[in-house]
Amino acid sequence: MHSRHRRTLQLAVASSLLAVAATACNAAAKDDASDSASGGSGKSFTLVTPDAVGQNEFLKLAVSGIKDAAKQHDGSQKVYESTDTASQQQNVQAAVDAKPDVIVLVGFEFADLVAQQAQKNPKQQFLIIDACTSKTFENVSCAVFREHEGVFLAGAEAGLLSKSGKVGAVDVLDTPQFRRYSDPFAAGAKQVAAKTQTATRFVGGQSPFDDSARAKEQANTLLSKGYDQIMAAAAAGNYGVFEAAKAKGAYAYGVDVNQCVSAPGTVVDNVVKRTDVAVEKGIEQVLDGKAGTTVSYGLKEGGISLTGLEDGVDSSKCVIADHKDVLTKVEALRDQIVSGELKVDDPAAS
């Protein structure tokens with residue numbers, strides 16, 4: 001598996017798994033399978049998650065995606081919730097043994113397991129969400145996300161809302177893949193306010209994905225220099241960034257799911273990954289005979305969005321809900337990206 005893929009996803013996974021960290025250890029290690037419409041005459045789909053679903057919005061969306069796919073095909077669906085490496089392996093094996101039409105797996109944790117199983121079971125179709133195998137298989141489809149497009153829009157919000165004209169980011173690591181969460185933030189801010197000053201600080205260290213103290217420290221470095229809008233791309237460290245911003249009366253931006261609820265009044269908006277869209281569209285593609293390919297989901301496909309651009313923004317606890325004028329401008333930028341008129345540079349593009 002490419003370390004590039006592994007890196008790209010650790011952020012997504014680490015940040016989206018925060019919600020289950022507390023409950024995962026208590027969940028049963030065996031498969032927690034939930035069935036629906038088992039007697040359906042149509043197709044069968046199985047979803048395997050890397051952790052317990054619980055209150056994890058990232059995984060809850062994947063579950064709703066597989067349920068919708070089962071409904072559309074008058075079929076059945078099963079969800080296997082893993083809690084650790086051993087249960088991930090057991091759940092993948094159980095899914096393969098059941099021989100559903102499509103096995104859907106969320107997260108980079110499954111890339112190597114799927115590669116092994118795909119070779120052993122050439123007739124079984126696999127769909128990996130938010131990751132891919134390093135080698136191509138005819139029976140493995142992948143769904144990845146163009147996070148940088150959403151980050152650009154969040155940067156535009158920051159540029160429009162900043163009072164100091166200084167917009168920054170706290171990123172996990174200084175790699176092209178992670179710069180997808182910081183470079184486009186700066187570019188978006190400059191798109192709407194050309195004179196904006198931008199800077200990025202990196203968490204780094206021994207455990208860059210879950211070091212709240214270091215993330216908070218990096219945020220404080222920016223805040224002390226007058227930066228008043230900060231993109232939090234520090235995985236589990238995001239809460240440290242939110243704390244720092246709140247203490248200084250500054251603002252922050254979350255990733256993957258709605259993080260406004262964890263720091264209302266501080267988090268402006270979030271770059272959201274719509275795993276449900278990727279699951280549904282990915283399954284359709286496999287059933288249409290277009291398996292074995294990698295499809296990337298961005299603003300155009302509805303795979304990437306902002307909480308502020310989704311229904312329910314008014315009850316989201318996001319600061320952006322009070323700035324409809326800013327959202328109108330951001331919607332216009334989104335439409336330009338979707339139409340191809342505006343291109344957002346991808347720092348990870350080789």
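**Strands, disulfides and aromatic pairs in a predicted model**

Six bridges join strand S2 to strand S3, residues 76-81, and the two strands run parallel. Before I go on, please keep in mind that this is a predicted model.

I will stay with S2 for a moment. Strand S2 covers residues 44-49, and five of its six residues are buried, so I would call the strand mostly covered. How does the chain get from S2 to S3? The path goes through helix H3, residues 57-72, and this β-α-β crossover is right-handed. If you want a residue to look for on the screen, take Val48: its bridge partner in S3 is Tyr80.

S2 also pairs with strand S4, residues 102-106. Here there are four bridges, and again the strands run parallel. The residue to look for is Leu47, whose bridge partner in S4 is Val104. To put the strand part together, S2 is joined to S3 by six bridges and to S4 by four.

Next, the cysteines. How many disulfides does the structure hold? There are two. As a reminder, a disulfide is a covalent bond between the sulfur atoms of two cysteines.

One of the two joins Cys132 to Cys142, with 2.1 Å from S to S. The torsion about this S-S bond is about 70°, which makes the disulfide right-handed. Where do the two cysteines sit? Cys132 is in the loop between strand S5, 125-129, and strand S6, 140-145, while Cys142 is in strand S6 itself; the pair therefore ties together parts that are 10 residues apart in sequence. Cys132 and Cys142 are both buried.

The other disulfide joins Cys260 to Cys318, and the S to S distance is 2.0 Å. With 95° about the S-S bond, this link is right-handed. Cys260 lies in the loop between strand S10, 251-256, and strand S11, 267-273. Cys318 lies in the loop between strand S13, 304-306, and helix H11, 324-339, so the parts tied together are 58 residues apart in sequence. Are these cysteines buried or exposed? Both Cys260 and Cys318 are buried.

For the pairing pattern, number the bonded cysteines of the protein in sequence order: the pattern is 1-2, 3-4.

Last topic, aromatic rings. A pair of aromatic rings is described by the distance of the centres and the angle of the planes. The structure holds four aromatic pairs, and I will show some of them.

Take Phe145 and Tyr297. Their ring centres are 6.5 Å apart and their planes stand at 45°, so this pair is tilted. Phe145 is in strand S6 and Tyr297 in strand S12, residues 294-297, which makes this a link between distant parts of the chain, 152 residues apart. Phe145 has 2% relative accessibility and so counts as buried. Tyr297, with a relative accessible area of 3%, is buried too.

Then there is the pair of Phe185 and Tyr253. The centre to centre distance is 5.3 Å with 65° between the planes, and the pair is edge-to-face. Which elements does this pair link? Phe185 belongs to helix H7, residues 183-192, and Tyr253 to strand S10; these are distant parts of the chain, 68 residues apart. Phe185 and Tyr253 are both buried.

S10 has thus come up in two places: Tyr253 is in this strand, and the loop that holds Cys260 lies between S10 and S11. That is what I have for today.

Conventions. Residues are numbered from 1 along each chain as its sequence is written. This is a predicted model: local features need pLDDT of at least 70, side-chain atom pairs count only at pLDDT 80 or more; totals for chains, interfaces and linings use all residues. Side-chain values use heavy atoms; hydrogens and water are left out. Buried means under 20% relative accessible area, exposed over 50%, partly exposed in between (1.4 Å probe, protein chains only). Two strands pair if DSSP finds at least two bridges between them. A crossover is right-handed if, with the strands pointing away from the viewer, the path from the first strand over the helix to the second runs clockwise. A disulfide is a pair of cysteine sulfur atoms within 2.5 Å. Rings of Phe, Tyr and Trp (its six-membered ring) pair if their centres lie within 6.5 Å; planes under 30 degrees apart count as stacked, over 60 as edge-to-face and the rest as tilted.
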